[in-house]
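Hi,

Here is the structure I promised to hand over. Please look through it alongside the notes below.

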Amino acid sequence: VSTPTVLPAAMLSRLAPKPAPGPNRLRRAALRRVALYSLLVPVPLAVAALAGAPLARLPWELAAALWCGASVAAAERTASPLAGWPRRYGWPLVAGAGLAATVVLVGRGFAVAPHGVPPALMPLLFAVPVLELGMWWHLARVAAGLVQYDDRDRHLRYLRWLGWTTLAGLLPPLATGVALAATASRLPYGLAGHPDAPALVLAMACGVLRVGVVAIARLLSARHRPGLAATVAWCPIPAALGLSWGQPLAVIAVALAVSYATGLVLAAYALFDPRSPQ
Amino acid sequence: VRVAVITEGGYPYHGGGASDWCHRLVSGSGRDRYAYELVALTGTADRPTLAYPLPPTVSGVTAVPVWGPPVGVAGRLARRRAHRAATGAAVLLCRGLLGDDPYHADMFRQALVRLAGLAGGGAHPLAGTPLADVLVDAWRASYARGGDYSRLSVGDAEAAAALLEHALRPLAAPVPAVDACHPTSGGLPLLVALAARWRAGIPYLLTEQGIYLRERYLDYGAVPEAVKAVMLRFFGALARLGYAEATTVVAASRFNQRWQLRHGAHPAKVVVVPGGVEPARFPARPEDPAGRTVGWVGRIGPSADLLTLIRAFWRVRKELPATRLRLVGPTADQEYERRCRALVDRLELAGAVEFAGPVDHPADTYAAATVVARTSVAEGTPYPLIEAMMSGRATVTGDVGGVAELVGDAGLLVPPGEPAAFADALTALLGDPARRRALGTAAAARARAHFTADRMLRAYDHVYADLTSGVTRSSDLTAIDSGVSSGISLSDLSMSRERSMIDSGRGTR
């Protein structure tokens, strides 16, 4: 372009937002995040446990909560070539803060283990890498669909398939969490008589449901619905705050399950809406 | 005479050759009989700072952001109606892009007429419409008819639709009450002038310093090929429409004029007005400076092809070791400058090549240069070349665009992109003072005879007089008022799918 028209060329093509990442970049980014998270949380935890070192619970929990909040607040966007614009930070930040608060507050209800991290924290610590890889799979499929199809109807059919598959992947934590919560109230007599058993199972149910809430908030944020993600993230907080006033853990489990189910409906709306930004 | 000068990404917010030309146009001698309104298309909604002092002849500046947030129609019902109408226009627009014959050109025109009518209230006409869907369907229909267009995936269509939606936003730009519009390029400024013409019957004069369409062909930026194809078809159709609707088309060179004629401009409408600079700012200095220096003035970017100049200079240094190269001007592309510096280091020229950056007095740069070189691979109107000629410097330039008719026999022309040819020409001039002086004297005489600002401004006085005395057609206004195309309707096109898309109101994204 000659000197007089360098700027006009910039008006459209050069000032256009940078393309959203393609499948390969998404995969590399997901692997980097998994590696970083593993180095920050589960690996030190495992090393400390193997070494028999005393484990303080709060740092691990805080690290996991901050990680979840940050991953929602700064979620990569789906792969429409111009999807990166315009990027607004208000709602993603609200969603991220809410999710971090939920993770921390719910964790306060778990019984303190005599040695180290209570088992109810484990689902979150070890589910995050799986969540990252699942998110990469979903976003990569969206990106691939944009490239593969040149027919809008076929593309919409593909998106419906992807939506159902993604929802199917989000259901197991809900089913597991609800099943665990139900089990906690109907433990066999011998176990039910044990003072810690119902609380332990209920805490596990809360831990699993908490992972599901994180996954749904993350998906909604990546699908350009940070407001809905914030709704899902903040829903369980009133119940979690009640822990300080002696609210039973069962109420938290119900609040998480309700948030989770609501989130699934909202996720279905975002996934199946034909006008949703890809 | 009130004139709206419409610029894109340049005057008065950014400097450069075309901006300098614009500034000369609105502030030159004898301009006090005009009142100029500037309509500047900018990138984002942030109002940039002025790069030029506004002369008293400029009565107002309107910044129109192309990449700002979208502006919709107020009111739910009105918005719904506008979306339906805009979707119908989008169908015509996308179908009109697919052919170069008069039938498609009329579809394209009718689309823009409708969109200009919709944008009269300041709302961006295509915001919220399912333009990507319409584009995909139009492209698929073209395959069915045997069209040989590149494949347009859904993702490509989304990207192209976003670019098209922003590209058409200038249709909503407010145009002050003026007697004439003067878009300064054949791209987006044309849309402002076209809308003013269709809405208020204001005639316009189109000036192209470089050919906008040609420059988009040469470099559209890093977008997928299919997206580029859509946008180039859009700019091609827009240029043809712009030439057809303009009262007068001004080319800065015969080379540009040939492009305009090739794209449908009527020969009777096209006049050639070369750019010009003030001779007083660039006095001829026949004496050679101390030492041997090759000077270059411009913007550092890929189109300047400085890599060729540096490679040529490396060859020159083998023949004439004491020669220096001085590169003057701002950097338009940081990455390209890094590549240039890396090449300088690799060729061990670090002590001999100077990146001087922008300077306040370019005349001193020419005075300090023994020979001025220019290796651009594309040129609109190369003002630095005119300035160098006016300063009495011998020049070596690539034979691109209108450079040959500008230089004439007063400088050396070589094929672009060939370091050996540039090196031979530079070595010949640096080693032959008599020939260098003869060429410098001829260049100064030629520049003063043909490329002065006064001469350019006098020519524009005549063009403005012709423009404002003309009679405008009123048939186009009728088309907007009735909202019905004169020759084409959706039913003529048997676009049942598009009709259903419009009727179902899929356009509220």
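Chain A has twelve helices and zero strands. Helices here are DSSP runs of H or I with at least four residues, strands are E runs of at least two, and both are numbered from the N terminus. From the N terminus on, chain A reads α-α-α-α-α-α-α-α-α-α-α-α.

Some ground rules. This is a predicted model, in which local features need pLDDT of at least 70, side-chain atom pairs count only at pLDDT 80 or more, and totals for chains, interfaces and linings use all residues. Residues are numbered from 1 along each chain as its sequence is written, chains are lettered from A and ligands numbered from 1 in the order in which they are written, and side-chain values use heavy atoms, with hydrogens and water left out.

Chain A

Of the 278 residues in chain A, 55% are buried. Buried means under 20% relative accessible area, exposed over 50%, and partly exposed in between, with a 1.4 Å probe and protein chains only. Among contacts in chain A with a separation of 6 or more, 79% join residues 24 or more positions apart. Contact means heavy atoms within 4.5 Å.

One helix pair is worth a look. The axes of H7(A) (residues 152-185) and H12(A) (residues 249-272) come within 9 Å and cross at roughly 170°. Axes are lines fitted to C-alpha atoms, for helices over the stretch in contact, and angles run from 0 to 180 degrees between N-to-C directions. The two helices are therefore roughly antiparallel (over 145 degrees; under 35 is roughly parallel, 65 to 115 roughly perpendicular, the rest oblique). H7(A) contributes residues including Leu159(A), Trp164(A) and Leu170(A), while H12(A) contributes, among them, Tyr260(A), Leu264(A) and Phe272(A).

Chain B: the four-stranded sheet

Chain B holds an open sheet of four strands, ordered E3-E2-E1-E4, with parallel pairing. Strands pair if DSSP finds at least two bridges between them. E3 (58-65) and E4 (180-183) of chain B stand at the edges, each with a single partner strand, so one side of each lacks a neighbour in the sheet. Neighbouring strands are turned by 20° against each other on average, direction ignored. Helix H17(B) (residues 453-469) packs on this sheet and touches E1 (2-8), E2 and E4 of chain B. Its direction makes about 135° with that of E4(B). E2(B) (residues 35-42) pairs with E3(B) in the parallel sense over seven bridges. Glu37(B) stands opposite Gly60(B) in E3(B).

Chain B: strand E8

Five of the five residues of E8(B) (residues 293-297) are buried, so the strand is largely enclosed by the rest of the structure. Thr293(B), Gly295(B) and Val297(B) lie on one side, with Val294(B) and Trp296(B) on the other. E8(B) pairs with E9(B) (residues 324-328) in the parallel sense over five bridges. Val297(B) has Val328(B) as its bridge partner in E9(B). The chain crosses from E8(B) to E9(B) through helix H10(B) (residues 306-319), and this β-α-β crossover is right-handed: with the strands pointing away from the viewer, the path from the first strand over the helix to the second runs clockwise. Two bridges join E8(B) to E11(B) (residues 371-374), and these strands run parallel. Val294(B) stands opposite Val371(B) in E11(B).

Chain B: Arg436

Arg436(B) lies in helix H16(B) (residues 433-450). Arg436(B) is buried, with a relative accessible area of 8%. Not counting residues up to four places away in sequence, Arg436(B) touches residues including Asp288(B), Val371(B) and Leu430(B).

Best wishes
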